[in-house]
Amino acid sequence: MSYLPRKLLQVLGSIFAVATFNFFLFHIIPGDPIRLIARTQKLDPEAVAELRKKFGLDGSIIHQYLVYLKNLAHADLGYSFSLHEGVGSVLLRALGHTALLLTVSTLIVVIIGIAIGVYAGSRQGKKSDSWIVISSLVFWSMPTFWVGMLLVFVFGVWWGGLPISGITTPNAVYSGSLSYMMDIARHLILPTLTLALVDIAFFIMITRTSLIEVMHEDYMLTARGKGLSRKTVVWKHGVRNALLPVMTASALYISALVGGAIQVEVVYSWPGMGLLMYNSVLARDYPVLEACFLVSSIVVLLANFASDVLYRVLDPRVSVAR
Amino acid sequence: MSSPQVLHIPPVKRSMLAQLWNDRMGRVGLLLTTFTLIAAVIGPIIFVFDSGAVGADATTLLMPPTRTHILGTDELGRDVFSQFLSGSRVSLLVGLMATVISTIIGAGVGIAAGFFTGKLDTVLMAVTDFFLVVPAMPLMIAMGAIFGQNLTIIIVIIGLLSWPRTARIVRSQTLSLRERKFVPRARSLGSTNWRIIKVHMIPHVLPLLIANTILVVAGAILSEATLAFIGLGDPNRISWGSMLHFAFASGAVGRGAWWYFMPPGLGILLIVLAFTLVGHAFDKINNPHLGGSS
């Protein structure tokens, strides 16, 4: 089978595996999902019977599993008991907000991280390089949510110039869509800065190591021997080759990014998937938690697939091998 | 010794600690780790934290540092400094125990897959890749919410979800070891699979495994802190993460109670940094050896 269909089949298999895993996690181990719901919500027997029928709980485990898959196929993710709304629509709204936060911060993290990583890698062993490595390790060792708390304290409380909560100013009246977008942008500053401070370190370290390895290749010496300047050699020859391993490592970063986003959203009350998970934990709203895990896993699987395909497109050697 | 053991150099050298000490990062990491461990063991004995000693009236809540409370009080009027010291134990305990679970699974899966190859390898690596890709934090949160807030459960959850990278690293090392000459030689001398694994694979995988394990500790401590911050910590065993949860939930940040939210965060930062530095130094020591002998 050629590359793309095989890879696509693999992704579909993984999504199916996640869905099955999700089923076992929420439907079998803790016993009865209705009992979990009834633990925190007062339900009359009629509602319980209705729910049992909907989840297929009156049948065998295999029957329940098939009903679960059928509901999934119809994008029916269940009903949120704390929000009194279908999980699907709650999730869709949250997903958009998370996507905005992640897109902006990932762009900043990747661009700045690679730039600093190249700077450090091309000065291996010098003082500036050591300082960059040490500060990267320090930032990488900080819990993301704590960095968020510090920034809230410094910029929200001490200086007080930046919004520290939500996605828009409550009860704000906008003169037009531009002022509306400006308000969102202002609310984005601190959450993005928090994610960036911790995550840039990851890209600095990976780019630096990769560039150092490339700098020792023979063709780099040849390029220098041709009389090209250091700068040209580093940026034109080195960076180009060093970026491919960075791409591969980025796939692993995607799943770490989700963890960071959850923390940032909780600290800044950013109304995305992370805050939704946090509120669902507090309310023990299992259908929402279940859907959050499922959807974030599928998004990460798809993102991995995309980065894999992109890698094939960008690396001529892999394309030839195919 | 006439056993096949003569055929390889002992991979874990006794001078490992000395080598770590010679590396600047390794030395700082070792000092920080030792300091934190001593503080975690002795600190809570000297400054006993009494979770029931709540403040008498509103003036004792979130009180800035004084002579009796050198790091002030929390939102219930309890001493922050002794709470900080006892929290270090919980954070370290979870980090270390979860790492033990993760390392046993990771090393077991990695060695089995790399040594026996074939179908077993395919299946084990499919499972490993699955857990490598699935975002760990949402899964930890979901499992924490389902199985309850208890220290043992938190340790098991973090341990069960932190092993895939270890398995990958151990597997590739085992695969390359398998191709070396001493394996067929040991086999021709009558060694069983189990003996080859015990005598040849495990000792050679060990240096790499130790470096990785130290980095896993750092990750596990961060995972525990995040879970506790989300509100899934053990309510009876307050860790640094739980302290930050209560500081955040009680609005200590907005009220500028830096004495409450700074110490636990700095504690996590220092201990995670310490393990990261030692892990990186270990990697540096391992790499030339691995490059030279293959």
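Residues are numbered from 1 along each chain as its sequence is written, and chains are lettered from A, with ligands numbered from 1, in the order in which they are written. Because the model is predicted, local features need pLDDT of at least 70 and side-chain atom pairs count only at pLDDT 80 or more, whereas totals for chains, interfaces and linings use all residues.

**Figure 1. Overview of chain A and chain B.** The model scores ipTM 0.86 and pTM 0.87. Chain A contains 13 helices and two strands, and chain B has 11 helices and zero strands; helices (H or I, at least four residues) and strands (E, at least two) are DSSP runs, numbered from the N terminus. The C-alpha trace of chain A spans about 85 × 60 × 40 Å along its principal axes, and the C-alpha atoms of chain B fill a box of roughly 80 × 45 × 25 Å. Of the 322 residues in chain A, 35% are buried; of the 294 residues in chain B, 46% are buried. A residue is buried if 20 or more other C-beta atoms lie within 10 Å of its own, exposed if 12 or fewer, and partly exposed in between, with C-beta atoms placed from the backbone.

**Figure 2. Helix α6 of chain A and its buried face.** This helix (residues 127–140) has 14 residues and reaches 20 Å from its first C-alpha to its last, close to the 20 Å expected at 1.5 Å a residue; the expected span is 1.5 Å times one less than the number of residues. Ile132(A), Ser136(A) and Trp140(A) are buried in α6(A). Seen down the axis of α6(A), its buried residues fall within an arc of 60 degrees, so they line one face of the helix; the arc is that of the directions from the helix axis to the C-beta atoms. An α-helix has 3.6 residues a turn, so residues three or four places apart point the same way. The cover over the buried residues of α6(A) includes α5 (87–121) and α8 (177–215) of chain A. On the face turned away from the buried side, α6(A) carries the exposed residues Lys127(A) and Trp131(A).

**Figure 3. Ser135(A) within helix α6 of chain A.** Ser135(A) has its place in this helix. Ser135(A) counts as partly exposed because it has 13 C-beta neighbours inside 10 Å. Ser135(A) and Ala201(A) are 66 residues apart in sequence, yet 8.1 Å apart in space, C-alpha to C-alpha.

**Figure 4. The side of chain B that touches chain A.** The contact takes 33 residues from chain B and 37 residues from chain A; two residues are in contact if their C-beta atoms, placed from the backbone, lie within 7 Å. On the chain B side, α4 (118–133), α5 (136–147), α9 (193–232), α10 (240–249) and α11 (258–293) each supply at least two residues. The largest share, nine residues, comes from α11(B). By class, this side of chain B has 27 nonpolar, six polar and no charged residues; Ala, Val, Leu, Ile, Met, Phe, Trp, Tyr, Cys and Pro count as nonpolar, Asp, Glu, Lys and Arg as charged, and the others, Gly among them, as polar.

**Figure 5. The largest nonpolar core, viewed around Met140(B).** The core has 148 residues, and those with the most contacts inside it are Met140(B) and Ile141(B). A nonpolar core is a set of buried Ala, Val, Leu, Ile, Met, Phe, Trp, Tyr and Cys residues joined through C-beta atoms within 7 Å. With 20 residues, α9(B) gives the most to this core. Leaving aside neighbours within four places in sequence, Met140(B) is in contact with Ile157(B), Ile158(B), Leu161(B), Ser223(B) and Leu227(B).

**Figure 6. Two loop residues with positive phi.** Most residues other than glycine have a negative phi. Ser269(A), with phi near 50 degrees, lies in the loop between α10 (230–268) and α11 (273–283) of chain A. Thr117(B), with phi near 45 degrees, lies in the loop between α3 (80–116) and α4 of chain B. Ser269(A) is partly exposed, with 16 other C-beta atoms within 10 Å; Thr117(B) is also partly exposed, with 14.

**Figure 7. Confidence along chain B.** The mean pLDDT of chain B is 84, and 91% of its residues reach 70 or more; pLDDT is the predictor's confidence in each residue, from 0 to 100. Over residues 1–9 of chain B the pLDDT is below 50, and this stretch has 12 contacts beyond near neighbours in sequence. Over residues 289–294 of chain B the pLDDT is also below 50, with one such contact. Where pLDDT is low, the predicted coordinates should not be read in detail.
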